[in-house]
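Here is a short tour of one structure, written for someone who likes to click through residues while reading. Have the viewer open and follow along.

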Amino acid sequence: MKGSEAVAAVMAELDDEPVVNANGFIGREAFTARDREANFYMIGSMGLASSMGLGVALAQPGKKIVVLDGDGNVLMAMGTLAMIAAAAPKNLVHVTIDNGVYESTGNQKTLSSQIELEKVAKSSGYKNSLVVTELDELKKAFRTALDSDGPSFILVKVEPNFDHNTGRVTHTPEEIKRRFMTAASR
Ligand SMILES: Cc1ncc(C[n+]2csc(CCOP(=O)(O)OP(=O)(O)O)c2C)c(N)n1
Ligand SMILES: [Mg+2]
């Protein structure tokens, strides 16, 4: 499966759930697939989508919150997996697009082929954690996670192929924040 297909499949499955997108291509792909007020696009702050998603999940226990993360982002902030597991928000779904590289900055290899991130999440204490490699499996796993208690971690193994012509997020950081706060507190 391609990274862009994985992002589009996750975005297509959503109703009004707030999504915190990791920085770089992931947010750009989510923006291109389905821009919505309930999308937060992290700009620059690598590794921090999961921290922010945790905060939103704790503040809005009645809503399912989705973090759309990248392998490089997760590896940079691996301690956040422990923080999420310890806080144990039932309403958090943490999807990680694992292309094995820092694609946004030129495909430098990450450590994701050596570190089994789904096992790190599970042994930290996430309620559910699994790896998917096929698009149909991803759709099913994501649907199940949205309908179940979490925290849930889904590691999505993809080919690095984000389209470098994918548009950048056109909203200003202030607009992203305002839109997201309104949508997430509705
Ligand atoms: C602290 C910090 N270091 C480096 C960067 C530059 N940077 C932006 S996105 C990115 C790669 C993120 O990797 P990953 O989460 O695997 O997403 P991918 O690019 O593969 O979609 C990097 C290195 C940054 N924004 N912040
Ligand atoms: Mg990556």
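## An exposed alanine

Ala 59 is exposed, with 56% relative accessible area. Keep in mind that this is a predicted model. You'll find Ala 59 in helix α3, which covers residues 49-59. Now look for Ser 185: along the chain Ala 59 and Ser 185 are 126 residues apart, yet their C-alpha atoms are separated by 9.1 Å.

## Aromatic pairs

How many aromatic pairs does the structure hold? There are 3 of them. One of these is Phe 31 with Tyr 41, an edge-to-face pair with 5.8 Å from centre to centre and 85° between the planes. Phe 31 sits in helix α2 (residues 25-34) and Tyr 41 in strand β2 (residues 39-41), so this pair ties together parts that are 10 residues apart in sequence.

Next up are Tyr 126 and Phe 153, an edge-to-face pair with centres 5.6 Å apart and planes at 85°. Tyr 126 belongs to the loop between α6 (117-124) and β7 (128-132), while Phe 153 is part of strand β8 (residues 152-157), so the contact ties together parts 27 residues apart in sequence. Tyr 126 and Phe 153 are both buried.

As for accessibility, Asn 99 comes out at 10% and counts as buried. Val 101 has a relative accessible area of 13%, and is buried as well.

## A buried glutamate

Glu 17 lies in the loop that runs between α1 (3-12) and β1 (19-21). Glu 17 is buried but has no salt bridge. The nearest side chain of opposite charge belongs to Arg 36, at 4.5 Å, and a salt bridge needs a side-chain nitrogen of Lys or Arg within 4 Å of a carboxyl oxygen of Asp or Glu.

So what does the side chain of Glu 17 reach? The backbone nitrogen of Asp 15, at 2.6 Å. Leaving aside residues up to four places away in sequence, Glu 17 touches Arg 36, Ala 38, Lys 64, Val 66 and Leu 146.

Conventions
Residues numbered from 1 in each chain as written. Chains lettered and ligands numbered in written order. Predicted model: local features only at pLDDT ≥ 70, side-chain atom pairs only at ≥ 80, totals over all residues. Heavy atoms only, no water. Phe/Tyr/Trp six-rings, centres within 6.5 Å; stacked < 30°, edge-to-face > 60°. Helix = DSSP H or I, 4+ residues; strand = E, 2+ residues; numbered from the N terminus. Buried < 20%, exposed > 50% of the residue type's maximum accessible area, 1.4 Å probe, protein only. Lys, Arg positive; Asp, Glu negative; His and termini not counted. Polar contact = N/O pair within 3.5 Å; in protein donor to acceptor, adjacent residues only side chain to side chain. Contact = heavy atoms within 4.5 Å.
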